[in-house]
Amino acid sequence: MKRLKSFYSRFPNQRLMSGKEFFVKRYHSLGWNFEDVEPKQAIRINVVNAEKENVLRRLKLAGVKVQKIAFLENGYWIQESKVSVGATTEYLLGLYSIQEAAAQIPVTLFTELKDKMVLDACAAPGGKTVQLADSMGNTGAIIALDVRKRRLAALANHLERCRVSNTVVYQLDARQASKFGLEFERVLLDVPCSGNFAADSDWFKNRTFKDVERNAKLQKEILAEAYRLLKEDGEMVYSTCSLEPEENEFNMDWAVKNLDLQIEKIQCHGQNGLTNVFGKQLDASIENCRRIWPSETQGFFVCKLKKHGDI
Amino acid sequence: MKIISGFVAQFNASIALDESLIANKNNRYFLLNQNLKRLLRKELYYAGTYLGKTKDGKFFPSFSLLAMISRGNANKVIVDRKTAWLFICGRDVFQQGMTKVLGSRKKSSYTLVLNEYDECLGFGKITRNLDEKRTGLAIKNISDIGDFLRREQ
């Protein structure tokens, strides 16, 4: 904690601890030199609804040029398009979804999804819920939660468009999920987060360190609740589109030390999680997390955890 | 579920729906399976396959229900690529854009509109007898999948 205080003491004039300079210096001290980036648009083919080759052929006919994303099985970059990829017949029929490339990673980390009982704890607007259903071949069941009703409408539209049939959606705060008395074999925690500048051009203007702290606290509460619902040997994937360690490595360190969750090794795009952050030494297993600095994708953090015992 | 089977019958079609697996939440109907049924709680917002909603006694089908109807015998019109695109944009179907008619060709019948890949794009009402070899308006657009975009606006 002393070392963290020492880091923040470098910004004596920034009482709010906000602004581009504050955050860029933080990223630098985490080993990344800030650069303005514009993530590439990406799509994911819903293979339960269509043959991949057919969709690609139809997109080509419509004037959409795509390129396979090396680190994703069903993901493609949009290289060029004569039409809006969010308004083609194929999109409206749910043959593909527009989904940011890094955001496609979390669902791919579960070892087996068919016939499983899955919780998508912070589901709206539903890109990952549809991806889960697609990976499950619409088998098993997904319980999808979100607390905000307006976002649930977007989630419902997404599910209907993509012909998802194995999902039940509830308006519920993820921190109250245990009220249903259900247990899950897989839990996806794509938690509410502070976001990142690559996905929001006004990010530096709007965000303060207080937001980061508030989100980190909320994320820990959601993690604790999700842990209670996860079956023994169950898998949990935690992700954020935040670059801030408080919402990522620090939370995973807390989870490992307080929830008897173990971080699993994963093979996916990104760099190892940071084990020494602002001078604070974290659990060595944090390096099995993946931190993705913005470039072709937005900024992202993802981690796979396994439950081995009770609190 | 008379209101749903009544709607389906308008296409000279029928689909088997197990009433015990249909959930109604605020006049919105969902088709479940046994697995999902046991997971239902009162906070339900959406579940399984959305079938449609009723408003003022009238049934408004989902596109999933229309796709289910289109898989069996039903009134259907297959349209060419350009007509399919215009239909999705909310336009009516002109006779010259139709490549095949299945089922009723009579004025005032309801018909599904499908593209060249047999994918259901929506439905409409036949505006005149399709046996007459004429050009011009043939099917009035009632609902099409472009609605997914219109809902977001």
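Two strands are said to pair if DSSP finds at least two bridges between them. Helices (H or I, at least four residues) and strands (E, at least two) are themselves DSSP runs, numbered from the N terminus. The structure is a predicted model, in which local features need pLDDT of at least 70, side-chain atom pairs count only at pLDDT 80 or more, and totals for chains, interfaces and linings use all residues. Residues are numbered from 1 along each chain as its sequence is written, while chains are lettered from A and ligands numbered from 1 in the order in which they are written.

We begin in chain A, with strand 15 (residues 300-307). Seven of the eight residues of this strand are buried, a residue being buried if 20 or more other C-beta atoms, placed from the backbone, lie within 10 Å of its own. Strand 9 (residues 230-240) of chain A runs antiparallel to strand 15 of chain A, and six bridges join them; here A:Ser239 stands opposite A:Val302. Strand 10 (residues 261-263) of chain A also pairs with strand 15 of chain A in the antiparallel sense, over three bridges, and A:Gln262 lies opposite A:Lys306. Strand 14 (residues 290-292) of chain A is likewise antiparallel to strand 15 of chain A and joined to it by three bridges, with A:Arg291 as the bridge partner of A:Phe301. In a regular strand the side chains alternate between the two faces of the sheet.

Chain B holds five helices and 11 strands. Its radius of gyration, taken over C-alpha atoms, is 16 Å, close to the 15 Å that the globule rule (2.2 Å times the number of residues to the power 0.38) gives for 153 residues, so chain B is as compact as a globular protein of that length. An automatic or database domain assignment divides chain B into domain 1 (2-68) and domain 2 (75-152). The centres of these two domains of chain B, taken over C-alpha atoms, are 24 Å apart.

The two chains also meet. Residues are in contact if their C-beta atoms, placed from the backbone, lie within 7 Å, and the contact between the chains takes 26 residues from chain B and 20 residues from chain A. On the side of chain B that touches chain A, the largest share, four residues, comes from strand 3 (44-47) of chain B. Strand 3 of chain B pairs in the antiparallel sense with strand 7 (residues 167-171) of chain A over three bridges, and B:Tyr46 is the bridge partner of A:Val169.

Notes
Two residues are in contact if their C-beta atoms, placed from the backbone, lie within 7 Å. A residue is buried if 20 or more other C-beta atoms lie within 10 Å of its own, exposed if 12 or fewer, and partly exposed in between; C-beta atoms are placed from the backbone.
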